[in-house]
Amino acid sequence: GKMRYPPGMATRATPATTRDDMLDAARSLIGDIGYAGMSHADITAAVGMGRTTFYEHFASKEDLLVELVSRDLPPVTAEILASVDSSLPPQERLHELSFRMVEFVGTDHIGLILHTEVPKLSPEAQRSISDSHRGIADEFAQIYDEGVESGVFRALPGAFVGRMMQAIVMTGGRAVMDSRDPSTDVGTIATNTADTLIAALRPVS
């Protein structure tokens, strides 16, 4: 990553670092008080700037959220995809991918934001955000197709199966968010979610 200066060390913040600092501040504020509760003033106060500074960098709070997701989501997406061994059979790969997604949605600030705030955003904002994590959806689809070809999954209509997989993963993620102790419960919930997803796709005997 980039160098982080201890407070007071960087004499003059460049616009790029100010922008990044504001995004970082927003990310932790959303984790603490939620997107709805966070104001422009909270963000600028957190980075020690006047509140008008906000508009030098972002058009609106929504604009900031879109930028935050498009900055922080692609590296996480890449990491999740890289963590799943592509030589595993489809069932095991899908299980692993579902597990990792529940973990991400339930415990990472960006995961939380995606599934609580993004649905409320404007269509344009939603589109630019969905571009940032298209890779994950493609991977789910590809593994599913391979499973259908090899006979471990049943053939279901594409529009239905994509939504169903997403709904199961999101339900797992929400269950983690809502649990009393997410870091303790995430393993069990993610395993249950992945097991349920695989069971839902198995051929009906």
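I call a crossing of two helices left-handed if the near helix is turned anticlockwise from the far one by less than a right angle, and right-handed if it is turned clockwise. What I am reading is a predicted model.

Entry one, α1 and α6. With that definition in hand I looked up the crossing of α1 and α6, and I note it as left-handed. The axes of helix α1, residues 15–33, and of α6 come within 10 Å and cross at roughly 70°, which makes α1 roughly perpendicular to α6. At their contact I find Arg-27, Ser-28, Ile-30 and Gly-31 of α1 meeting His-109, Ile-110 and Ile-113 of α6, and by class I sort the residues of this contact into 3 nonpolar, 3 polar and 1 charged.

Entry two, α4 and α8. For helix α4 (residues 61–83) and helix α8 (residues 134–149) I note axes that come within 9 Å and cross at roughly 25°; the two helices are therefore roughly parallel to each other. Here Thr-77, Ile-80 and Leu-81 in α4 meet Gly-135, Ile-136 and Glu-139 in α8, and the residues of this contact divide into 3 nonpolar, 2 polar and 1 charged.

Entry three, α7. Which residues of helix α7 (residues 123–132) are buried? I list Ala-125, Ile-129 and Ser-132, and, looking down the axis of α7, I see its buried residues fall within an arc of 40°, so they line one face of the helix. I then asked what covers the buried residues of α7, and I find that the cover includes α4, α6 (109–116) and α8. On the other side of α7, I record Pro-123, Glu-124 and Arg-127 as exposed.

Note on methods. Residues numbered from 1 in each chain as written. Predicted model: local features only at pLDDT ≥ 70, side-chain atom pairs only at ≥ 80, totals over all residues. Heavy atoms only, no water. Axes fitted to C-alpha atoms, helices over the stretch in contact; angles between N-to-C directions. Helix = DSSP H or I, 4+ residues; strand = E, 2+ residues; numbered from the N terminus. Parallel < 35°, antiparallel > 145°, perpendicular 65-115°, else oblique. Contact = heavy atoms within 4.5 Å. Nonpolar A, V, L, I, M, F, W, Y, C, P; charged D, E, K, R; others polar. Buried < 20%, exposed > 50% of the residue type's maximum accessible area, 1.4 Å probe, protein only. Arc of directions from axis to C-beta.
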